[in-house]
Structure formats: structure tokens, C-alpha cells
Amino acid sequence: MSSGLVDAEPSGLEARVLEPVVDALGWADSDREVAAWLRRAHEPDGPFAASLLPGVSVAPDAPVHAAEVTVERDTDGDGWLRIREAVVFTNPSAATLDRIQLRVVANGRGHGARSTVVLGCWVDGVAVPTALDGPLLTVPLPYGVRPGRRVRVLLHLAEPIPPSDARQQVGTDTLWPDQTGAFAEDDGALVLGSLLPTVLRVDREGRWDTQVLAANADPAVGPPGLFRVTLDAPTSLTPVSTGISVGRISDERRATELMVAAGTRDFSLVLVPDARILRAEIGATRLRVVVSGEDVPGQELLTVADAALRSMIRHFGPLTQREIDVVEAPARAVDGLDWPGLVLVDTSHKGRPYHLSASHEWALAHGLGHQWWGHEVGNDGLADPWFDEGFATHAASLYWEDAHGRQAVLDRHEIEAIEPLAALRDRGFPDLPALLPSDGYDRGSFSLVVHQRTALFLDLARQAFGAEAWDAFLFELHARGVGRVIGQREVLDLLRASAPAGVDVDALWTRWMAEGHAYEDLLGPR
């Protein structure tokens, strides 16, 4: 930004974008000022309301993350984020807490010497030391925070944006976020998944969920919160983020964009060069497709994303979020990536230039399915990875059947599950159940057993229930689970309660989920 614009008396749009919320929360003179800001934040016409569908609200004690993020380069040309973040945390447990624990995804594996730097930390205005162990950031509290009471943490950090290295070897046993380009610079795009330090879950007894990252799985799920982010970046890059943009000011070189999100578990961002934006409205939900360059088939991507979202809304019910963004940008080792409100589709597949192949279409539908299963309805990605991955794959199957017919989805199951399972069997891999924790699988068996076997079980259950009863089950599961973490016991109990007479849910569950019979049931004898 030009200094003249920042120093001028702000009004209208400028006032909204440049409002110093991080300082207002981090350095507030009294809790009364913070309480007044929070009351305004939760009003029906408040600053976060536009990111949610009408009638949807966020718990008044949800964590608040307000951040100022600057994209810059050092003298070597390496990309960095400068982050000032204020976190307002209300203790939801029944215990007095002596620390707060956050995840810092940008400090994951593979960054070498260029790791996240904590430049300063203050709790209610008092400077405190911190401990950063991989992605786990521990902030000690100068005094115990009792149940139901608030505390404010102010963080100053610098986060590296590592360049994507096409020579990097992807392991056969693991697939970590840094190996997929989920936080990297690649071909002019900055992919910044889960860029802000976010509060972890804490249970009723005051124990923090410190299992932050897992091989083969998404980061451990955090509590839904409020996010207010002002981004300062070059005008040549278009930001696509969780939530919605509510203001922008710029000069010829830099732009400051204000983005807000409510009820999401984290905040992610992709900065796209040479961007074009296509839009569609699906009821009250806005869909945006962002592509880079004139030669990318954006309209085709919009058509598929529109059809997939319409299908999933019919089967699961509407999302709580007002806007879903699909962005075409680089990834590695996977066809796509997803975060709350944001799905990335890779620009290439297996080394070939981008084209909307069946594989891309399936990956896009899977990523959109995660908006319901994993992002709105949470699960423990370490203990129960089958839930979000299996239901997201089932979402892709439902869309595929709606778009292409029943035989087409059976053919897709053959390609995605049955043929690869035969290859696993031929290589001597054991026939594993679908309910193991994420570290019970290597990379190949994880995608086949956790994603595909669970989806095949759900498809069988749908055939046994009938389409109408099955959709009623899915609607109820989504409605019950929004903002919560769902485990296998609750899913199985709801399946039993929803099953029509004569459907033996437990027999299906045992055969397809709790035990390993895929080779026998899907492939037959050798």
C-alpha cells in the first residue's frame, strides 16, 4: 500500500479494510472493550454475518482469530509471510488452563532451516515465552484461566513459503502436507493452506489434542471459530480464501484485502496469478471458480462444480457457508486439495497439461464433499480417518450417479477401488479393515481402504436403505454434526436408528468396516 493511502483518514471501504482489529483485541485496555467487539461480531448484521447462510449462527464462545498478513520476499527472493494475529479464546473445559496450544501448519516437515519464527507473544498484554515444536505452539499463561473465562493472545510470526520442488521424493508410506504443495509457491501461485496458527481442541478435562499432523491424514480438527484476515500482497496476485472478501483497497503495486469467515475450523488462502473468476448461484450459496490464464477451460470447471454442489445439497442439505471457491492451481502427488470453503484442483495430472478428465472431475467432487464431511461435520483424522474420506468419496459417487447414471458409478468404482485392490492383493498386501487409525496404513492402502472401502460400504447401505431413507440419514447426520466432531459409535447408532425394517446394519458394518473381506467380496478367489 502507498503510505499516503494508509496515513489518510480512512472512511467507508478504507475504514473497514484498515480497521486495526488486531491491536484493538491484542492491546485492549479492558475486557469490556473485547466484550463489546465480540457482541458486535455475533450480531445478525455484524461483520461476519455475510459469510454464513441466513439463519446460521456461531457459538458465542467460539475462538476468534484476527490477523494481518503480509506477503513479502527477502533479499534472496524467498517468499515469507509476516503475521500479526490476535486470538481471543474462551475456556470451554471444566478445568483451569495453564497454557494454550495452537497448530502452526506452516512449520510442518520439509522446511529445513527456513522454519516459522515466533517474533513475540503477549497474553493479555504481558510478554510470555513460547515453545514451537514442529507444528505445535505452546503459549504459557501467566495465570490460570478458569472455565468460561476469556484470554487474549497476540502473536507476531514470520512463516516461510517454501518453493515446490519437483525433485522431492514422495514417500511410499506417508503423504505429508509439504509433499502435496499444500503450503508452497509453485508456478507463480502461492498455496497457503491453514496459514494461521489456530487453537487446538481441548476436552472437558482440560487436555489438549496435541496430535497435530498425521501421515496419510488431514491435520487434527480444531474448533469452529471466527476469522478476520487483512492481506497485503502484490496486485498481480488474486486471493482466493476461506470465507468471503468484504473489502479491498489498492495502488499500482500492493493491495490490501479484508476477508472474513465464520464457523470454519481454519483459514486457507491461494494467491493466483493472471486470475479469471467465474460465478454461479445455487440457491443461497455462491460458487466461484478461479482459473489462471486464458487457455484454461474455466467454464467447463464451473459447470462440473455447479452440478456437483447441486447434487450434494440435494443429498446432504445446504452448507452453512455462503461461498464456496474452486481454484485451479498447482499441487503435487494428488489431484486436488481442500480446506473449509476452498477446493484446489491441480493444474496437471500425472505430468500432463491440465484437462478436465474423469480423474479431475472425481477429485473435484471428492474435495467438494469434504465441505460437508470433515470441514462442517468434523472427525478425528488420526483415529477415524474413514469418516471424512469415506463420506467425501461417497459424495463423489452420488454426484457421479446423478450426472452419469448408475452404471457409470459402478464403472468408476471398478477404476477407483476394485482394480487397484487387485493390484494390492497381487503384491501381497494384507486385506485390512477400514476402521484402523491413520497410521495403520501405508499410502497406497490408505486411499484404497479408507477412501474406497468405506465408500463401497456406504453405497451398499444406500441400496439396502433405499434412496429416500438414505438421504434422510445423511441430512440428519449433517444436521447433528455441524460444528462438532463425530466418531464411529455415533454414526453406527444413527445408522441403526435410521435403517428400514429388515436391514441388518451391524452385519454390513462388521463385514465391510470392522473386518477385512474386500479381496474375497470384491475380487473373489484368486
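1. In this predicted model, C121 has L155 in β8 as its bridge partner. The pairing behind this is between strand β4 (residues 117-123) and strand β8 (residues 150-161), which lie in the antiparallel sense over six bridges.

2. β4 also pairs with strand β5 (residues 126-127); the two run antiparallel and are joined by two bridges. Here W122 is bridged to A127 in β5. β4 and β5 make a hairpin with two residues between them. In the turn, D124 has a positive phi of about 50 degrees.

3. How do the axes of helix α5 and helix α7 cross? Helix α5 (residues 298-316) and helix α7 (residues 385-404) have axes that come within 9 Å and cross at roughly 110 degrees. Angles of 65 to 115 degrees count as roughly perpendicular, and α5 and α7 are therefore roughly perpendicular to each other.

4. On the α5 side, the contact is made by V304, A307, A308, S311, M312, R314, H315 and F316. On the α7 side, these meet A395, A396, L398, Y399 and D402. By class, the residues of this contact divide into nine nonpolar, two polar and two charged.

5. H451 is placed in helix α9 (residues 443-465). Is H451 buried or exposed? Its relative accessibility is 16%, so H451 counts as buried, the cut-off being under 20%.

6. The side chain of H451 makes a polar contact of 3.3 Å with the side chain of E389. With neighbours within four places in sequence left aside, H451 is in contact with H366, E389, G390, T393 and F446.

Note on methods:
Residues are numbered from 1 along each chain as its sequence is written. This is a predicted model: local features need pLDDT of at least 70, side-chain atom pairs count only at pLDDT 80 or more; totals for chains, interfaces and linings use all residues. Side-chain values use heavy atoms; hydrogens and water are left out. Axes are lines fitted to C-alpha atoms, for helices over the stretch in contact, and angles run from 0 to 180 degrees between N-to-C directions. Helices (H or I, at least four residues) and strands (E, at least two) are DSSP runs, numbered from the N terminus. Angles under 35 degrees count as roughly parallel, over 145 as roughly antiparallel, 65 to 115 as roughly perpendicular and the rest as oblique. Contact means heavy atoms within 4.5 Å. Ala, Val, Leu, Ile, Met, Phe, Trp, Tyr, Cys and Pro count as nonpolar, Asp, Glu, Lys and Arg as charged, and the others, Gly among them, as polar. Buried means under 20% relative accessible area, exposed over 50%, partly exposed in between (1.4 Å probe, protein chains only). A polar contact is a pair of N or O atoms within 3.5 Å; within protein, one must be able to donate a hydrogen and the other to accept it, and residues adjacent in sequence count only if both atoms are side-chain atoms. Two strands pair if DSSP finds at least two bridges between them.
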